[in-house]
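Let's look at how two parts of one protein chain sit against each other. Take a moment with the picture before reading on.

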There are 2 protein chains.
Amino acid sequence: MTFSTTVERWGVHEIELAGPTGGNPFADVRLSARYQYRNRVVEAEGFYDGDGVYRVRFMPDAVGPWRFTTVSNVEEMDGCSGGFDVGPPAPGNHGPVRAAGTGFEYADGTPYLPFGTTAYHWTHDMDEERERRTLRTLKSSPFNKLRMCVLPTGPMAPPEVPFAGKDPDGLDLTRFNPVFFRHLEAGVRDLRDIGVEADVILFHPYDGGVRGFQDMGREVDHAFVRYVVARLAAYRNVWWSAANEYDFNRSKTVADWDDILRTIVRHDPYEHLRSIHNGTRMFEVASLYDFGKPWITHQSIQHWDATPTDAWLAACPKPVVIDEISYEGNIGKRWGNVTAQELMDRFWEGMSRGGYVGHGESLAGFQERAWIGNGGGLYGESPDRIAFLRTIMEQRRDGTLLRYLGRRQPAQVTVDLPAGDAYEVELIDTWDMTITPIDGVHRERVRVGLPRRPYLALRMTRVGDR
Amino acid sequence: MTFSTTVERWGVHEIELAGPTGGNPFADVRLSARYQYRNRVVEAEGFYDGDGVYRVRFMPDAVGPWRFTTVSNVEEMDGCSGGFDVGPPAPGNHGPVRAAGTGFEYADGTPYLPFGTTAYHWTHDMDEERERRTLRTLKSSPFNKLRMCVLPTGPMAPPEVPFAGKDPDGLDLTRFNPVFFRHLEAGVRDLRDIGVEADVILFHPYDGGVRGFQDMGREVDHAFVRYVVARLAAYRNVWWSAANEYDFNRSKTVADWDDILRTIVRHDPYEHLRSIHNGTRMFEVASLYDFGKPWITHQSIQHWDATPTDAWLAACPKPVVIDEISYEGNIGKRWGNVTAQELMDRFWEGMSRGGYVGHGESLAGFQERAWIGNGGGLYGESPDRIAFLRTIMEQRRDGTLLRYLGRRQPAQVTVDLPAGDAYEVELIDTWDMTITPIDGVHRERVRVGLPRRPYLALRMTRVGDR
């Protein structure tokens, strides 16, 4: 048995144990560890990593001395105990993200504004060169969250898949493939190390009947969820997305999804963020998954229009994240060919209403496959504008007012300012990325003359009672 | 008694009679004329034009000899008879416009595609210089229909109003003001003479309590409708719009509007086009006035979005005319400050779905008041694009297919062509107003590569079986 002896707060402590290789270790062996800090005990589930190696991973959330003891139905792995010290987090480590009202914050209280993008299958090809390129792209981008799938799609022929056996037609759904998962979790760690949240999508409806992933049965589904949770939950940057376009999966009911989400709750000791993402149901807002359910932490929405954000927030006081609002792109599909202007208009519309909008790029002709599926590089015009928007959003303080004008071009706008305070007013061109101060300090009401162009916004910043 | 003795088909025949001036001629005197062509009799109502002059106007619809006899409760105006010859229409006179399926045509069978604009009060100021400018603007524009109000708004102080008495607080709602109406009908005639349909709006909710026009009572309302119909119906370019934003008038019910529309039917011998135009109810399509009612000839809609056109056509097989879809402009009101790009996008969206979209311009800062209210000049970027669109629509034949792409920018589009025929394909840039042929003649299916810009359309023109 080995284990690391110093861990940073919200880092990963890992116990490695040798155990049985016979039978089906994934199904037969139960392993967990009870971690204790003062009088608090947290139990983390372990997992079989192949070749007789078992692991328990744990994310400690407090600085100081921790103890642990393992629990197993295998005698040699039961009752193993030890201790380690948890030190302060390294710079840039603010802990996991939590919902806070209709927004988010890191565990250390630092605000977190999600600027998400999507590269569903960036790890599946195990193409290291492209994975490194994806990480470089993200690092120099405004994006701090990435939606990614655990499961490959039906048409893909990746070198490794999550289950053991012969792919695609001889898979053993009762055994997992540690090689696949080691690679997947390396991707999650790489994202963590550049400050990007991994919005991990557990199920999706894109199997096309190739491997049967859409209809594996309750037992396999839940074993799969437990295995993924056991391997990934200790990474602080993990979010759980039960499914992408859940309503396209005809073999699962809403009750099945409830069940899957409750299984996540039961096995994830850290209460990572949890949601589920709709497909066509975006056309009928009323039939969205009920985000009021207690295991849902935020509303993960697909919709082409951000203006109902107010209605969604009014109906359910949890953060609204429109993860898919159509992508900047040039492909044939309606979801993948809006202009950058259109995407940015939707971003500003949603963000100025208190929601969070996600990016995707489906520009074909620049690399072998588009960013939305495979990562790599970004070639669109929106990322720079999203970076500009992110700066605007991060500069927002209590008392900062934003008004977005979209494709309207009034010659002047009258803004009623909250009584008592003085405000500075700036004109923002969201497309040209310019910020122009309006002369003077303003009170009560200000009239601002505007140029005749679309995509303008006004920012009113409180400068106190001068 | 005088009357003109030769009239063109769909021209105006007018009978002028001297009659009583005592009492209230508007209320006390009944006058009409029975016009006969072969064995067909059409009765046209007359009206009092002030100063002891009574008139009957009539639009003959057939070439050849016509006879008439007057009918009145005033002996000296009863039984006057005469005859006149109707000749062929002058060039450009195609007769009144009728609904034909979900489109329109002139009485002579010439197709009519409405390209409407709005200048609600262009006649009210009686500013001849500006009226002439309005007509010049229209003549060099793509517009062939103009929405215009009979009634002034509350805040206006026009030199003449439709009723007699002291304006605004001493009006006699039982008597009309012939000076006002002579001017109004001169405007309608001027429009006719440049080929522009006059979409005459009988009521509107913009009185603000100043003259009481929103709640004159049933008797006055109907006398007003009859008087307007008697004066204007003989002009072939008249359409009847019972009201603008009828749902903003809280003192009238849908039954009242039904009643007003039935009164128009009863007194207009020519079955001019009839509709009624909604206000906020545009937000709930289901509560639009029921355009299925038999006295409604077309659906006159206010809505900011043209995409429900398909649904409106499916619900009611009468032409869809989105008379207000927001205006190109720069004013503070949401309805009046969209960009020309946005307006044109809505035009193409609606027209490519089989609807007709109307224009308006509320650009302040170019003339004393904006076009939408007062006519004058047009300063926006949309009229040229609407002219381009009109040409495209007029060139459309059976077998011409249009596909509009809007703010989508697919790198290529696949078009499935109807089997059996060959097609020429053109790429249209709706904003830059260019038409680029795609090489070759195409059958069954064609893939067209597109530039990465918005506002493109494809036109497929059948060129027969080559």
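## Two domains, one chain

In this predicted model, the C-alpha centres of domain 2 of chain A and domain 3 of chain A lie 35 Å apart. Chain A is assigned domain 1 (2–87), domain 2 (97–395) and domain 3 (401–462), with bounds from an automatic or database domain assignment.

Local features need pLDDT of at least 70, side-chain atom pairs count only at pLDDT 80 or more, and totals for chains, interfaces and linings use all residues. Residues are numbered from 1 along each chain as its sequence is written, chains are lettered from A and ligands numbered from 1 in the order written, and side-chain values use heavy atoms, leaving out hydrogens and water.

## Where they touch

Contact (heavy atoms within 4.5 Å) links 15 residues of domain 2 of chain A with 14 residues of domain 3 of chain A. Together these two domains bury about 1400 Å², 68% of it on carbon and sulfur atoms; buried area is the accessible area (1.4 Å probe) that two parts lose on being put together, summed over both.

Which residues of domain 2 of chain A lose the most area to domain 3 of chain A? They are Trp348(A), Arg385(A) and Phe388(A), together 43% of what that side buries.

## Charged partners

Between domain 2 of chain A and domain 3 of chain A there are 2 salt bridges (a side-chain nitrogen of Lys or Arg within 4 Å of a carboxyl oxygen of Asp or Glu). The side chains of Arg407(A) and Asp345(A) form a salt bridge at 3.1 Å, N to O.
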